[in-house]
Amino acid sequence: MIKHLLKLVSVAILWAAASITSAHTYFFGMTDLTLNGSAKTIEIIHQFTTHDVENAIAEQQQINFSPEHKDYEALIQSYVEEHFLLHYLDKQIVINWVGLEVKSGNIYIYQEAPFESFLTGLLVKNDLLVNTYPKQVNILNFQGIKIKGSITFNATETTAVVE
């Protein structure tokens, strides 16, 4: 009996240790912003860990938030539209919602915007998830006709200009 109890306690300790070592200790998002010259649009794809987005919305809305929520996509859309903005020549660019998909613990969010210029001078605001996760790092990879590069956003750097 004592051997069995010790074995159960050992298994419980190992399980707890494994849970702690596999805990989510970093917060990272990736956005690809591509100028489609022939369609005259900016195509945007955001990628985040699904439960990070769900936790941020749950905290902001003070609700229990999961894919079963009746307004799941609408609340994610509202959150993204509040925290990811584009401006060009001092005018906000209207970004259209295309949709989202959840795969293997990641959420992919698709947007597009009409745009007939070069990306140089585009002002990007990206403070997605930084209010919930102060260590959140968001990388924006951009590609235009003549330029490509990356910009890093975090809790202290939430806006940048594409150069």
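Me: Where do I start? How many helices and strands does the protein chain have?

Reply: Start by counting elements: the protein chain has three helices and 10 strands. Keep in mind that this is a predicted model.

Me: And in what order do the elements run from the N terminus on?

Reply: Read them off one by one: α-β-β-α-α-β-β-β-β-β-β-β-β.

Me: Which strands form the open sheet, and in what order?

Reply: Order in a sheet is read across it, strand by strand. Here six strands line up as 5-6-2-1-8-9, with mixed pairing. At the edges sit strand 5 (96-103) and strand 9 (148-153), each of which pairs on one side only. Going from one strand to the next, the twist averages 15°.

Me: Can we zoom in on one pair? In what sense do strand 2 and strand 6 pair?

Reply: Antiparallel: residues 41-49 of strand 2 and residues 106-114 of strand 6 are joined over nine bridges. For one of the partners, look at T41, whose bridge partner in strand 6 is P114.

Me: Which strands does helix 2 lie across?

Reply: Helix 2 (residues 50-61) lies across strand 2, strand 5 and strand 6, at about 90° to strand 2. Helix 3 (residues 72-83) also packs on the sheet and touches strand 2, strand 5 and strand 6. The direction of helix 3 makes about 120° with that of strand 5.

Me: What share of the 163 residues is buried?

Reply: Buried means under 20% relative accessible area, and 37% of the residues in the protein chain fall in that group.

How values were computed:
Residues are numbered from 1 along each chain as its sequence is written. This is a predicted model: local features need pLDDT of at least 70, side-chain atom pairs count only at pLDDT 80 or more; totals for chains, interfaces and linings use all residues. Side-chain values use heavy atoms; hydrogens and water are left out. Two strands pair if DSSP finds at least two bridges between them. Helices (H or I, at least four residues) and strands (E, at least two) are DSSP runs, numbered from the N terminus. Axes are lines fitted to C-alpha atoms, for helices over the stretch in contact, and angles run from 0 to 180 degrees between N-to-C directions. Contact means heavy atoms within 4.5 Å. Buried means under 20% relative accessible area, exposed over 50%, partly exposed in between (1.4 Å probe, protein chains only).
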